[in-house]
Number of protein chains: 2
Amino acid sequence: MKDYFRILKKDNRSNARIGRINSIRGVIETPVFMPVGTKASVKAVLKEQLDEMGCMIILSNLYHIYLSPGIEIIKKAGGIHKFSSWNKNILTDSGGFQVFSLSDIRKVKDEGVEFKSIIDGSKHFFTPEKVIKMQLEIGSDIMMVLDECSTFDADDKTIIDASRRTLKWARQSMEAYETFKSNDASRIFGIVQGGFNKNLRKYCAESISEMNFDGIALGGLSVGESRMATEEMIAHTSQFIDRKKPLYIMGLGDPVGILNAISSGVDMFDCVLPTRISRNGSAFTKSGKINIKNKKYSDDFAPIENDCTCYTCRNYSKAYIKHLHKNKEIVASILLSVHNINFLFDLIKNIKGAILENNFMKFKKNFIDEYRS
Amino acid sequence: MKDYFRILKKDNRSNARIGRINSIRGVIETPVFMPVGTKASVKAVLKEQLDEMGCMIILSNLYHIYLSPGIEIIKKAGGIHKFSSWNKNILTDSGGFQVFSLSDIRKVKDEGVEFKSIIDGSKHFFTPEKVIKMQLEIGSDIMMVLDECSTFDADDKTIIDASRRTLKWARQSMEAYETFKSNDASRIFGIVQGGFNKNLRKYCAESISEMNFDGIALGGLSVGESRMATEEMIAHTSQFIDRKKPLYIMGLGDPVGILNAISSGVDMFDCVLPTRISRNGSAFTKSGKINIKNKKYSDDFAPIENDCTCYTCRNYSKAYIKHLHKNKEIVASILLSVHNINFLFDLIKNIKGAILENNFMKFKKNFIDEYRS
């Protein structure tokens, strides 16, 4: 456990840091952006394309995998890596967030949560123990505990109840993990909830830090609140977290958000943003997001970014991608997804370089200035 | 011109043959299947994937490209190869077939055909000369002449009128080609029409053969008639065609159809089939088409075909592809399209081997027996 995460370099003017997670499926250098493959497939992107970008970890979602194809199929395949042919790391979200955001009918009890399938309306019940057991069974490399996520405008009573349950479930999850795990292949991360109540966030952060988790995640943020509220809560909560462990903010992945979270000491990110905006024709560039639908790209034969080294920019022009997107060609989604994921990978590579050179805060300011120009 | 097409080996028991088209963009060995990239993109497949399969030529469609992005954009890009980043051969269909099959409102005159755009309803007019000029402008490697395609149940009067016009247009196309071409980069193929009237097909085949085309295509087949009618007309018409030129059957690409057409001396094929059936979950196998939606594949962890060497079969199981297809993941279309195109490429490779060994007719019988078993 001591060697699972190592901090290699700390920034001298912020909490930004470079680290290394020693997973048996290959070292994950942090900070890291994890592309989202909700259903065990990163949308429109093949594993060789992720490999070329240096991707060492993707995120998958227990909620979706549980509903389709089902845990039994994945077990029969020999685990999620064999099933999907992705042999690097997979972090699986517990499905807590999906239970609360996707299921219109759900009942939360202290024992767990009952929900209706978004596929066929059938009833299901998740307990903290069951969620850990299933993640162990499919061979997840980093498992998340079941948590209760509140909406950003929830009242104090709701948040307190959810936080209490989340902490109770975290303890049960840890016990289940200790009971069922047969080796160190699958690691377990706790989740800090607490809504937008600072005292509660502090309490949850300290409580989760005291447990024996391999990493700690911030949950219930980036759920519709203002960017300032998100950043304030990240900065606040991260102070009370055991900084020896990797810190993961769930569901955040816009370039500026990543930079700010890294300043607060966050190490891991995931977000559907780079693949989702691709399907809508959007692309990240250093001077902000562009949309390929814009008429001016019709005869713009330059790549999305001239100095970008991704597959898409090495091979294709904005005019061609615009043409494909306009004509609903699948290849447009492939090309934009590859560029957008690579953009975040490049951003993180540059952030690491800046941290190494004790230049992070300046890099951050320059990047944000250009991105918002 | 003499060296453009060379026949390397003839089968001793059928009209099957192996040949070579010497294009400046790379030699095309025949028989050849040309994947369809209607809008200058093979649906869901990247150029590197086509390269890996040994693809030397794809088909694109002037009708679609003319409407979107428009000829001016392609010219500005420096031609269709630069625009699409595909640097091997591109055959462009003239759009004759699309004018007749996609446009509900069209007026055919001896001068050309007026049609309404399927995109915005705007009116357009194609003449034989304009169609050749546009294909020269975008840098097509093999251009098709404008033709008039009849439905398979058209009456004799209609077919005779259409055939007369198609021949007239072929002559005008050839003249336009001789006038406008500046080098030998773009070659021109004539199209034989004649509906399902054998005398007319003979007349058209002989007339087109007498003109100075680089290759000859059979049009107006595989348009809804029975398989037997298609094959009978291919066998009949091919007798009257100048066999020194490459023979291309337009829009036919099912495995059995390919085998039968090759027996009649056909060298070139194109069809949307391998990519279209992919989006519907279907895959070619040597024992016939399968559909990945079938429940029995849920826990079938073998590839689509055990001895297939395509990217998809080397990496993924039926169970995983079924899961992706069921969940509408774009990657399912990519994987199935790659397999299905590769299947036709493999079929043609094996056909070539059989022709070389004077074993084609036996190979054909065995393949069809297994495919239909």
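**Ground rules**

The model is predicted, and I kept to its limits: local features need pLDDT of at least 70, side-chain atom pairs count only at pLDDT 80 or more, and totals for chains, interfaces and linings use all residues. Residues are numbered from 1 along each chain as its sequence is written, and chains are lettered from A and ligands numbered from 1 in the order in which they are written.

**Entry: how the two chains relate**

I superposed chain B on chain A, and a rotation of 180° with 0.0 Å of shift along its axis does it, at an RMSD of 0.0 Å. The same surface serves both copies, as 100% of the contact residues of chain B recur in chain A.

**Entry: the contact between the chains**

I counted 29 residues from chain B and 29 residues from chain A in the contact. Contact here requires C-beta atoms, placed from the backbone, to lie within 7 Å. On the side of chain B that touches chain A, at least two residues each come from helices H3 (71-77), H4 (80-84), H13 (318-326) and H14 (330-356) of chain B. Helices (H or I, at least four residues) and strands (E, at least two) are DSSP runs numbered from the N terminus. H13(B) gives the most to this side, with five residues. I sorted the side of chain B by class and got 14 nonpolar, nine polar and six charged residues. In that sorting Ala, Val, Leu, Ile, Met, Phe, Trp, Tyr, Cys and Pro are nonpolar, Asp, Glu, Lys and Arg are charged, and the others, Gly among them, are polar.

**Entry: Tyr316(B)**

I looked up Tyr316(B) next, in the loop between helix H12 (311-315) and H13 of chain B. Is Tyr316(B) buried or exposed? Tyr316(B) is buried, with 25 other C-beta atoms within 10 Å. The cut-offs, with C-beta atoms placed from the backbone, are 20 or more others within 10 Å for buried, 12 or fewer for exposed, and partly exposed in between. Leaving aside neighbours within four places in sequence, Tyr316(B) is in contact with Ser85(A), Pro303(B), Ile321(B) and Leu335(B). I also checked Ile304(B), which is 12 residues from Tyr316(B) in sequence and 8.3 Å away in space, C-alpha to C-alpha.

**Entry: the parallel sheet of chain B**

I traced an open sheet of eight strands in chain B, with parallel pairing and the order S4-S14-S13-S12-S11-S10-S6-S5. Pairing needs at least two DSSP bridges between two strands. S4 (32-35) and S5 (57-61) of chain B stand at the edges with a single partner strand each, so one side of each has no neighbour in the sheet. Neighbouring strands are turned by 25° against each other on average, direction ignored; the axes are lines fitted to C-alpha atoms (for helices over the stretch in contact), and angles run from 0 to 180 degrees between N-to-C directions. S5(B) and S6 (residues 89-93) of chain B run parallel and are joined by five bridges. Thr92(B) in S6(B) is the bridge partner of Ser60(B).

The buried residues of H10(B) pack against H9 (227-238), S13 (247-249), S14 (268-271), H14 and H15 (360-371) of chain B. After H10(B) comes Gly265(B), with a positive phi near 100°.

I checked the length of H7 (residues 156-180) of chain B: its 25 residues should span 36 Å at 1.5 Å a residue, and the end C-alpha atoms are 35 Å apart, which agrees. The expected span is 1.5 Å times one less than the number of residues. Among the buried residues of H7(B) are Arg165(B), Trp169(B) and Tyr177(B). Their cover includes H6 (128-138), S11 (187-192) and H8 (198-210) of chain B.

**Entry: antiparallel strands of chain A**

I noted S1 (residues 5-10) and S2 (residues 17-21) of chain A, paired antiparallel over five bridges. A hairpin of six residues joins S1(A) to S2(A), and Ile7(A) stands opposite Gly19(A) in S2(A).

Conventions. Contact = placed C-beta atoms within 7 Å. Least-squares fit on C-alpha atoms with pLDDT ≥ 70 in both.
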